[in-house]
Amino acid sequence: MATASGRHFLQIPGPTNVPDNVLRAISAPTIDHRGPEFRELVVGLLDEVKPVFGTTRPVVILPSSGTGAWEAALVNTLSPGDRVLCFETGHFATLWQDMARGLGLTVDFVPGDWRHGVDPDAVAERLAADTAHEIKAVCVVHNETSTGVTSRIADVRRAIDSTGHPALYLVDTISSLGSIDYRHDEWGVDVTVAGSQKGLMLPPGLGFNAVSDKALRASRDAGLTRSYFDWAPILDANERGFFPYTPATNLLYGLREALRMLDAEGLPNVFARHTRHAEATRAAVRAWGLDVLCLDEREHSGALTAVLLPEEHDADQVRRIILDRFDMSLGAGLGKLTGRIFRIGHLGHFNDLTLAGTLAGVQMGLSLAGVKVDPAGVAAALQRLERP
Ligand SMILES: *Cc1c(COP(=O)(O)O)cnc(C)c1O
């Protein structure tokens, strides 16, 4: 029996709930994308977007989902046959390396168990062995949305540096940007890939590439075919406050509003809020007597928590019951985790009581699905939420 009144609980790890003021900003009349008013919006935005990436360098804004921004990062920096180093942290890392192969790159895909992030020692080992410097890029997914495991981006940077290897460092922050601490410049990332519909609290439709000077230099010689996603004409038009094509005008209004909200809360506070909600969620999962998928205490995601069910239960059945009875959407297990886990998104526009409601719905749903859980789970989370 579906609940028709009250708000739907959208607790998947993206797209996330869009705040009302962002929705209002987007609902403004569309303006001339070659006129003075638009130019003013773009000139402001291109600066206002930088702090959330932790960069002072250019950020390319694309009318695409995150997948388009993945492609832009690869085609602008690499040439056919180039070797790239990727790590099997989960479903999204797998899709990104599939794309790299499809584009004509040679991928070294380091196997993983989907319960750990990228091992910095493995990065150092692979790069140290590549004395001919055939590897042109290291690709890492910061927050593996399919598993709730974050990779340690600064540690991977140190591992790259320890070998003196010149490979570019490409990082997918599609589900971490604006939720989990991230620093493009300080961590020496060459291309940061992001999307609008997760931590940035916008609808889907914008992709981002934050670009280092080194990546910009690499783009001049990069030989992969590119056209729509070519940085050069975009950066050139951006100089004058425009785009080489019709941009997603109304989403840019929303972006301005979302960035103002993040700025008003303060990024360190935003990150601490996500960390705290993740801790409360893990307290619930453990008190229920279930396992969090992530196995390394240093790698728990602030944006989502993946809950592993005992072998005999179907996680998709649990999600169906929760949707039917409580009108709440949870993330499905993806790839080889299908049916084994469900994912609780606690990122973006979110607060203590949204989490309390979410966990109450999960606890009731687990119980209705016949999964034996200790009802102390929600209480354990509430106890955590009583503290700052
Ligand atoms: C959502 C997501 C993607 C894919 O982004 P789309 O916007 O669906 O194209 C890629 N990587 C990660 C880590 C994601 O969370």
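User: In which element is Arg343 found?

Analyst: Helices (H or I, at least four residues) and strands (E, at least two) are DSSP runs, numbered from the N terminus. Here Arg343 belongs to strand S14, residues 341-345. Residue numbers start from 1 along each chain as its sequence is written. The model is predicted: local features need pLDDT of at least 70 and side-chain atom pairs count only at pLDDT 80 or more, while totals for chains, interfaces and linings use all residues.

User: Is Arg343 buried or exposed?

Analyst: A residue is buried if 20 or more other C-beta atoms lie within 10 Å of its own, exposed if 12 or fewer, and partly exposed in between, with C-beta atoms placed from the backbone. Arg343 has 27 C-beta neighbours inside 10 Å, so it counts as buried.

User: Which residues is Arg343 in contact with, and what does UniProt place there?

Analyst: Two residues are in contact if their C-beta atoms, placed from the backbone, lie within 7 Å. Leaving aside neighbours within four places in sequence, the contacts of Arg343 are Pro13, Gly148, Leu304, Ala306, Leu330 and Gly331. UniProt places the feature "binding site" (unreviewed entry) at Arg343. UniProt positions are in the numbering used here, feature names are shortened, and annotations may be inferred rather than shown by experiment.

User: What does UniProt list for Lys198, and where does the residue lie?

Analyst: The UniProt feature is "modified residue: N6-(pyridoxal phosphate)lysine", from an unreviewed entry. Lys198 sits in the loop between S9 and S10. Lys198 is buried, because 29 other C-beta atoms lie within 10 Å. With neighbours within four places in sequence left aside, Lys198 is in contact with residues including Pro13, Thr16, Ser175 and Gly348.

User: Which residues come nearest to the ligand?

Analyst: Of the 13 residues around the ligand, the nearest are Ser65, Gly66, Thr67, Thr145 and Ser175. By type, the shell has four nonpolar, eight polar and one charged residue. Ala, Val, Leu, Ile, Met, Phe, Trp, Tyr, Cys and Pro count as nonpolar, Asp, Glu, Lys and Arg as charged, and the others, Gly among them, as polar.

User: How many residues of helix H4 are buried, and what do they pack against?

Analyst: H4 (residues 66-75) is mostly covered, with eight of its 10 residues buried. Among them are Gly66, Trp70, Glu71 and Val75. The buried residues of H4 pack against strands S2, S8, S9 and S10 and helix H5.

User: How far apart are the C-alpha centres of domain 1 and domain 2, and how many residues does the contact take?

Analyst: Domain bounds come from an automatic or database domain assignment. The C-alpha centres of domain 1 and domain 2 are 27 Å apart. The contact takes 28 residues from domain 1 and 29 residues from domain 2.

Notes: A residue is near a molecule or strand if its C-beta atom, placed from the backbone, lies within 6 Å of it.
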